[in-house]
Amino acid sequence: MNVKTVVYLAINTCTYFYLINVVFHMMIFFSVNVNGFLKSNYVSQGDVVTELLWNSFYVVAFIASHSLLAWEEFKNIAKYVNVAPLYRTFYIFVTGLTLQSLMNSWTIIEPSRLPLVWDKKDYHTFVIICQMLQIFGWLMTILGIFVLDFSEFIGCKQIWNIQLSSSCPLAEKSQSARQFLANMRHPTLTGFLVVLWLVPCMTIDRFLLASAFTLYLSHSSKLTEEDYVYLKRMQERKKESLEFMSMESKTS
């Protein structure tokens with residue numbers, strides 16, 4: 001293994017653990033409050049309109065950076081400066097950084113400042129159902145990543161291909177896989193929508209964030225019937241693989 005590959009893998013590993021940290025804080029940010037209030041150090045005290053505008057700015061900054069880095073032009077620049085294998089790692093790092101900045105800077109608009117969009121916290125059964133659905137939503141979000149090629153998702157396979165002198169991982173995939181990835185940039189869409197929307201109380205600031213993320217994620221997803229067939233086939237293969245590993249562990 002050459003030095004370049006070792007350095008790239010070290011950077012990728014650090015980024016991977018950084019991503020885990022960001023996801024953990026996302027769970028706290030979105031779901032730790034049983035009533036559905038976002039978790040933030042900042043609570044509205046000044047002009048509400050100004051604070052909503054700042055919240056909107058953080059959302060737009062995340063969406064803009066996430067979208068721009070998906071452009072082929074930026075990928076071509078990475079190829080030109082000979083760091084293409086690190087591009088996915090860089091993409092994940094910037095995504096995590098902008099998400100962390102959003103969460104650290106977010107201002108909560110309490111019900112005393114602006115009315116709630118809905119308020120069902122007095123319905124205890126509904127609150128419990130929402131808590132369970134939050135857990136289910138996060139499980140769907142995380143498992144949705146593992147259904148696909150996880151090593152490619154985190155950028156490890158792109159770097160390892162340097163050592164193997166192989167081509168881009170995407171070029172090695174089937175036509176069905178390439179079509180699915182092109183049509184579905186966010187395979188964790190459904191689970192994340194559950195996290196965003198299914199809460200007992202919907203504050204104005206959470207409604208703003210949920211609406212913006214829903215529009216962005218939905219706009220970039222355009223699945224066809226062939227994509228659903230491919231995804232179902234992948235789920236069956238993962239299930240068979242896990243069953244085989246379970247049988248192997250029992251016999252050993």
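Student: Is A70 buried, exposed or partly exposed?
Tutor: A70 is partly exposed, with a relative accessible area of 25%. Buried means under 20% relative accessible area, exposed over 50%, and partly exposed in between, with a 1.4 Å probe and protein chains only. This is a predicted model, where local features need pLDDT of at least 70, side-chain atom pairs count only at pLDDT 80 or more, and totals for chains, interfaces and linings use all residues. Residues are numbered from 1 along each chain as its sequence is written, and side-chain values use heavy atoms, with hydrogens and water left out.

Student: Where does A70 lie?
Tutor: A70 lies in the loop between α2 and α3 (72–80). Helices are DSSP runs of H or I with at least four residues, strands are runs of E with at least two, and both are numbered from the N terminus. A70 and R88 are 18 residues apart in sequence, with 9.7 Å from C-alpha to C-alpha.

Student: How many helices and strands in the chain?
Tutor: The protein chain has eleven helices and four strands. Of its 252 residues, 37% count as buried.

Student: What share of the contacts is between residues 24 or more positions apart?
Tutor: Such pairs account for 82% of the contacts in the protein chain with a separation of 6 or more. Contact means heavy atoms within 4.5 Å.

Student: Back to α2. At what angle do α2 and α4 pack?
Tutor: Helix α2 (residues 48–68) and helix α4 (residues 87–105) pack at about 175 degrees, with their axes 9 Å apart. That makes α2 roughly antiparallel to α4. The axes are lines fitted to C-alpha atoms, for helices over the stretch in contact, and angles run from 0 to 180 degrees between N-to-C directions. Angles under 35 degrees count as roughly parallel, over 145 as roughly antiparallel, 65 to 115 as roughly perpendicular, and the rest as oblique.

Student: Which residues meet there?
Tutor: From α2 there are Y58, V59, F62, S65 and H66, and from α4 there are Y91, V94, T95, T98, L99, L102 and S105. By class, this contact of α2 with α4 has seven nonpolar, five polar and no charged residues. Ala, Val, Leu, Ile, Met, Phe, Trp, Tyr, Cys and Pro count as nonpolar, Asp, Glu, Lys and Arg as charged, and the others, Gly among them, as polar.

Student: And α1 with α9, what angle?
Tutor: Helix α1 (residues 3–31) and helix α9 (residues 189–197) pack at about 40 degrees, their axes 9 Å apart. The two helices are therefore oblique to each other. M26, F30 and S31 of α1 make the contact with F192, V195 and L196 of α9. Those residues divide into five nonpolar, one polar and no charged.

Student: What does T15 touch?
Tutor: T15 is in helix α1 and touches T89, I92 and F93, not counting residues up to four places away in sequence. At 7% relative accessibility, T15 counts as buried.

Student: Which residues does Q134 contact?
Tutor: Leaving aside neighbours within four places in sequence, Q134 is in contact with F30, S31, V194, V195, L198, V199 and R206. Q134 lies in helix α5 (residues 124–147) and is buried, with a relative accessible area of 7%. A polar atom of the Q134 side chain lies 3.0 Å from the backbone oxygen of V195.

Student: New topic. How many disulfides?
Tutor: The structure holds zero disulfides, a disulfide being a pair of cysteine sulfur atoms within 2.5 Å.

Student: What touches K120?
Tutor: Not counting residues up to four places away in sequence, K120 touches F126, V127, P200 and C201. K120 is found in the loop between β3 and α5 and counts as partly exposed at 36% relative accessibility.

Student: Is D122 buried or exposed?
Tutor: D122 is exposed, with a relative accessible area of 61%. D122 is found in the loop between β3 (118–119) and α5. The C-alpha atoms of D122 and N35 are separated by 9.7 Å, and the two residues are 87 residues apart along the chain.

Notes
Polar contact = N/O pair within 3.5 Å; in protein donor to acceptor, adjacent residues only side chain to side chain.
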